[in-house]
Amino acid sequence: MLQNAVMTRAENACELCKNTDGLDVYMVPESPDETAGCAVFTCQTCREQLTNEAELNATHWRCLNDAIWSPVPAVQVVAYRMLNRLNAEAWAQDLLDMMYLEDEVKQWAEAGLIEREPTLDCNGTPLQPGDNVHLVKDLNVKGATFTAKRGTPVRGISLSDNPLHIEGKVNGTRIVIIAAYTKKS
């Protein structure tokens with residue numbers, strides 16, 4: 001009964017990427033109940049990455065560009081959580097910035113986010129995506145022909161999966177920076 005309701009709503013396609021192969025119901029963790037409103041019809045590729053059975057493929061999740069506008073709260077919740085997992089990707093951070101969730105849906109979405117160690121600057125100040133920092137020492141940039149000088153501003157940083165690193169643009173090049181070599185502006 002649950003599967004039929006979700007399948008009908010999804011029109012026999014993954015509600016995240018629109019794939020039609022290997023479809024099944026994915027119950028959203030931390031849901032308020034066990035109804036169709038708390039389930040998403042997903043393909044095998046999405047489901048395996050959602051449950052960490054397969055390695056996260058950031059390119060696959062560009063489909064969330066459409067999913068964030070779904071009228072189904074469960075789809076919005078899954079999209080929000082996945083974009084948070086991918087927040088090191090500039091496009092994912094852009095989608096998160098555009099995304100709108102009703103208060104109760106956002107509360108549900110945030111309930112399922114995994115707590116992670118904070119990313120700290122050289123003074124122990126927690127860094128958030130979008131913060132502005134500046135470098136506190138000269139850094140040799142591997143694979144580039146320049147040295148990022150002390151005092152160089154890095155605007156609109158992204159956090160990576162590793163809490164010791166951030167990402168940002170220096171001289172127009174997106175680089176990974178050790179967070180301890182930065183100071184929040």
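Met82 is in contact (heavy atoms within 4.5 Å) with Gln49, Leu50, Leu56, Trp61 and Leu64, leaving aside its neighbours within four places in sequence. The model is predicted, so local features need pLDDT of at least 70 and side-chain atom pairs count only at pLDDT 80 or more, while totals for chains, interfaces and linings use all residues. Residues are numbered from 1 along each chain as its sequence is written, and side-chain values use heavy atoms, with hydrogens and water left out.

Met82 is part of helix α4, residues 73-85. Helices (H or I, at least four residues) and strands (E, at least two) are DSSP runs, numbered from the N terminus. Met82 counts as buried because its relative accessibility is 1%. Buried means under 20% relative accessible area, exposed over 50%, and partly exposed in between (1.4 Å probe, protein chains only).

Asn87 counts as buried because its relative accessibility is 8%. Not counting residues up to four places away in sequence, Asn87 touches Gln93, Pro129, Ser158 and Leu159.

The two residues described in detail are listed here.

| Residue | Relative accessibility |
|---|---|
| Met82 | 1% |
| Asn87 | 8% |

The chain as a whole has six helices and twelve strands. Its C-alpha trace spans about 60 × 30 × 25 Å along the principal axes. Of the 185 residues in the chain, 42% are buried. Among contacts with a separation of 6 or more, 57% come from residues 24 or more positions apart.

The accessible surface of the chain (Shrake-Rupley method, 1.4 Å probe; for residues, only the protein chains shown count as cover) comes to about 10400 Å², and 47% of this belongs to carbon and sulfur atoms.

The chain has 17 positive and 25 negative charges, and their mean positions are 13 Å apart. Lys and Arg count as positive and Asp and Glu as negative, while His and the chain ends are not counted. The place of a charge is NZ of Lys, CZ of Arg, CG of Asp or CD of Glu.

The charged end of Lys137 sits over the ring of Tyr181, 4.5 Å from the ring centre. This term requires NZ of Lys or CZ of Arg within 6 Å of the ring centre and within 35 degrees of the ring normal.
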